Amino acid sequence: MDELQDWLDKVEAYHLPRFEDLPELDLYRDQLLTLVDKYIEPIWLEDSPVVTTSMVNNYVKNGLLPHPEKKRYTREHLAYLIAITFLKQVVSINDIEEGLKVMTGLNGGIANAYDFFCDKQEIALRMLNHREENQVLSEKNQSSAYLMVEMVTMAFATRLITKKILMIENNSDEKS
């Protein structure tokens, strides 16, 4: 459990850059990919790259990411791409598209929506280490198997409520 607790402590200290911290200069795609990797890599568990050129091209083609201007990407693109990278780990691309529309509409644009997302993601990551009345996982003497079941069931429940919220939002949009 020490290895898990060490990792949880690292995750708890993780911080995403806020919109104002993202570079104001326009970026080429390789710079965009490098920055996304820099921001997400500290908690990335996969052997695969955080994001690839083909992913960016597909996101642009499918309307998840705005088209670059003269092959340059802005901090808006970077914010979208960071959020998409997290979201695609738990929800479908279609749900991400709907969720981004809802969030940017409710929060007055990408800057506010992105900062809100970052705040909530950091809170969720900290909750991994401090759940059930702020008890640290290792203090509960729980087996890895127990924790795995607890986390996967929470992930399912969270994904389920996310789907329901998007269904409700879609229904209210259709009625408007």
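1. Lys71 belongs to the loop between α3 and α4 of this predicted model. Its phi is positive, at about 60 degrees, although Lys71 is not a glycine. With a relative accessibility of 67%, Lys71 counts as exposed, because the cut-off for that class is over 50%.

2. Lys70 is likewise placed in the loop that runs between α3 (53–61) and α4 (75–87). Phi of Lys70 is near 55 degrees, again a positive value in a residue other than glycine. Lys70 has a relative accessibility of 81% and is therefore classed as exposed.

3. Arg18 is located in the loop between α1 and α2. Is Arg18 buried or exposed? Its relative accessibility is 15%, so Arg18 counts as buried; the limit for that class is under 20%.

4. Two polar partners of the Arg18 side chain deserve mention. One is the backbone oxygen of Leu16, which the Arg18 side chain reaches at 2.6 Å. The other is the side chain of Glu122, with which the side chain of Arg18 makes a polar contact at 2.8 Å.

5. Which residues does Arg18 touch, if those up to four places away in sequence are not counted? They are Tyr114, Asp115, Cys118, Asp119 and Glu122.

6. Whereas Arg18 is buried at 15%, Asp21 has a relative accessible area of 51% and is exposed. The assignment rests on the cut-off of over 50%. Asp21 and Arg75 are separated by 54 residues in sequence, yet their C-alpha atoms are 9.2 Å apart in space.

7. How many aromatic pairs does the structure hold? There is one. The pair is formed by Phe86 and Phe117 in an edge-to-face arrangement, with 5.9 Å from centre to centre and 65 degrees between the planes.

8. Phe86 counts as buried at 13% relative accessibility, and Phe117 is buried with a relative accessible area of 16%.

How values were computed
Residues are numbered from 1 along each chain as its sequence is written. This is a predicted model: local features need pLDDT of at least 70, side-chain atom pairs count only at pLDDT 80 or more; totals for chains, interfaces and linings use all residues. Side-chain values use heavy atoms; hydrogens and water are left out. Buried means under 20% relative accessible area, exposed over 50%, partly exposed in between (1.4 Å probe, protein chains only). Helices (H or I, at least four residues) and strands (E, at least two) are DSSP runs, numbered from the N terminus. A polar contact is a pair of N or O atoms within 3.5 Å; within protein, one must be able to donate a hydrogen and the other to accept it, and residues adjacent in sequence count only if both atoms are side-chain atoms. Contact means heavy atoms within 4.5 Å. Rings of Phe, Tyr and Trp (its six-membered ring) pair if their centres lie within 6.5 Å; planes under 30 degrees apart count as stacked, over 60 as edge-to-face and the rest as tilted.
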